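Me: I would like to learn how to read a model with two chains. Where do we begin?

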Amino acid sequence: MGPLIPQGIITGEWDFVIALLMGIFFGFILEASGFSSSRNITGVFYGYNFVVLRVFFTAVVVTMIGLLYFNYMGWINLDMLYILPTYLTPMIVGATVMGLGFVIGGFCPGTSYTGVAIGKLDAIVFTAGLFLGIFIFSESYPLIEGFYNSDAMGRITIGEFFGVSNEVVTFGFVLLALAAFWGTWLIEKRVRKTVTEYKFD
Amino acid sequence: MNTEIQSKNMPRYINPYFGGVLLGLLLLATFFITGRGLGASGAVKSAVVTTVDRVAHEHTEGSTFYSKFLTDNHSPMYSWMVFESLGIFLGGLISGILFGRLKKLRTEHSPKITSKTRLIAAGIGGILFGFGSQLGRGCSSGAALSGTAAFSFGGLIVMLFMFGTGYLVAYFFRKLWI
């Protein structure tokens, strides 16, 4: 039966109501988890707070298992899901630039909106930066259009790339997540003893 | 850090694994209803396209990039991502009010740097993130989280290289944070 909107079970008028609702839940979870604070977020890079990794990996694993379960029960048609297309080199370059922006800016777009919501001036400036960055990209698009569209691999899944099933990929992520939770818990305990300049805001 | 002081000052954040389960269930519900995941940078793109279109309509019509997002029917702001991002703001606001974190304008920064340094860094970081999100076909929400969770290879690539770069360069920017 799912996904509901692509199958026409829920009609287009509900689109934006659903968008707003999903966004409210998303923003609530991000803020309640502590992502409206840049120093909480960047803790993941310095070892004093791995909350980003915990939330992120748990969410990925829950969604993956859920999708497989829904597919098994016949509740969702996985073929109708939007699989983000892969443009290998542009995505590697884009993600590298984003990683740099992450460490320097301390937010990512979604988390910066929640920072704006509770009155963080640094989040407001970060969001303005996003606007400027996307504007610079848009204006330089004619120069980089070739690169932007290069290395297209289509809607390839992780399983298709490695020649394994979605189930194996999910199992791999579960193992990876458990190992990461355990390893970062040990690191965090040690680092928190030495980091003195950090106070939760 | 003194653990007693730390626990007294601890803000009331929810357990990260609980937050992760909630986020995972929300993402699953979003896929079940819409067939796509969550995102965040798309709304700013819509805002950029709308602004430039208002200021210089001929420029956007002639551009192969802007024209992709322009239709005669409605504004680029009339999109799923814009409404969803408005929701992110509202959801953050509700959580901030509930947990007592909604306060007057302030800048959070390491005691080693000034507010001004922090704001400059935030601006530069935002510019880089905005630019990168276009090449990456999405940010941490749209590509790294939603992409990977829907088994996209590109999503995994964005996740690995975003966090990988973060760890590689973190040392050079440590004064901003610790």
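Me: How many helices and strands does the secondary structure of chain A come to?

Reply: Chain A comes to 9 helices and 2 strands. Helices (H or I, at least four residues) and strands (E, at least two) are DSSP runs, numbered from the N terminus. Along the sequence, chain A reads α-α-α-α-β-α-α-α-β-α-α. The C-alpha atoms of chain A fill a box of roughly 50 × 45 × 35 Å along the principal axes. A caution on the source: this is a predicted model, where local features need pLDDT of at least 70, side-chain atom pairs count only at pLDDT 80 or more, and totals for chains, interfaces and linings use all residues. Residues are numbered from 1 along each chain as its sequence is written, chains are lettered from A and ligands numbered from 1 in the order in which they are written, and side-chain values use heavy atoms, with hydrogens and water left out.

Me: What pattern does chain B follow along the sequence?

Reply: Chain B follows α-α-α-α-α-α-α-α. Chain B has 8 helices and 0 strands. The C-alpha trace of chain B spans about 60 × 40 × 35 Å along its principal axes.

Me: How much area do chain B and chain A bury between them?

Reply: The size of an interface is often given as the accessible area lost when the parts come together. Here the two chains bury about 11700 Å², 76% of it on carbon and sulfur atoms. Buried area is the accessible area (1.4 Å probe) that two parts lose on being put together, summed over both. In chain B, B:Arg137, B:Phe151 and B:Trp177 lose the most area to chain A, together 8% of what that side buries. By contact (heavy atoms within 4.5 Å), 126 residues of chain B touch 132 residues of chain A.

Me: At what angle do helix α1 of chain A and helix α2 of chain B pack?

Reply: Two packed helices are described by the angle between their axes and the distance between the axes. Axes are lines fitted to C-alpha atoms, for helices over the stretch in contact, and angles run from 0 to 180 degrees between N-to-C directions. Helix α1 (residues 15-32) of chain A and helix α2 (residues 16-34) of chain B pack at about 165°, with axes 10 Å apart. α1(A) and α2(B) are therefore roughly antiparallel. The classes are: under 35 degrees roughly parallel, over 145 roughly antiparallel, 65 to 115 roughly perpendicular, the rest oblique.

Me: Which class describes α1(A) against α5(B)?

Reply: The axes of α1(A) and α5(B) come within 6 Å and cross at roughly 40°. That makes α1(A) oblique to α5(B).

Me: In which hand does α1(A) pass α2(B)?

Reply: A crossing is left-handed if the near helix is turned anticlockwise from the far one by less than a right angle, and right-handed if clockwise. α1(A) passes α2(B) in a left-handed crossing. On the α1(A) side, the contact includes A:Met22, A:Phe25 and A:Phe26. α7(A) passes α3(B) in a right-handed crossing. Residues of that contact include A:Phe131 and A:Glu139 of α7(A) and B:Lys45 of α3(B).

Me: How many salt bridges are there between chain B and chain A?

Reply: Side chains of opposite charge can pair when their charged atoms come close. A salt bridge is a side-chain nitrogen of Lys or Arg within 4 Å of a carboxyl oxygen of Asp or Glu. The count between chain B and chain A is 3. Over all chains, the whole structure holds 4. B:Arg118 meets A:Asp122 in one (3.1 Å, N to O).

Me: Where do B:Arg101 and A:Glu31 lie?

Reply: B:Arg101 forms a salt bridge with A:Glu31, the closest N and O atoms being 2.8 Å apart. B:Arg101 lies in the loop between α5 (80-98) and α6 (115-135) of chain B, and A:Glu31 in helix α1 of chain A, so the pair joins two chains.
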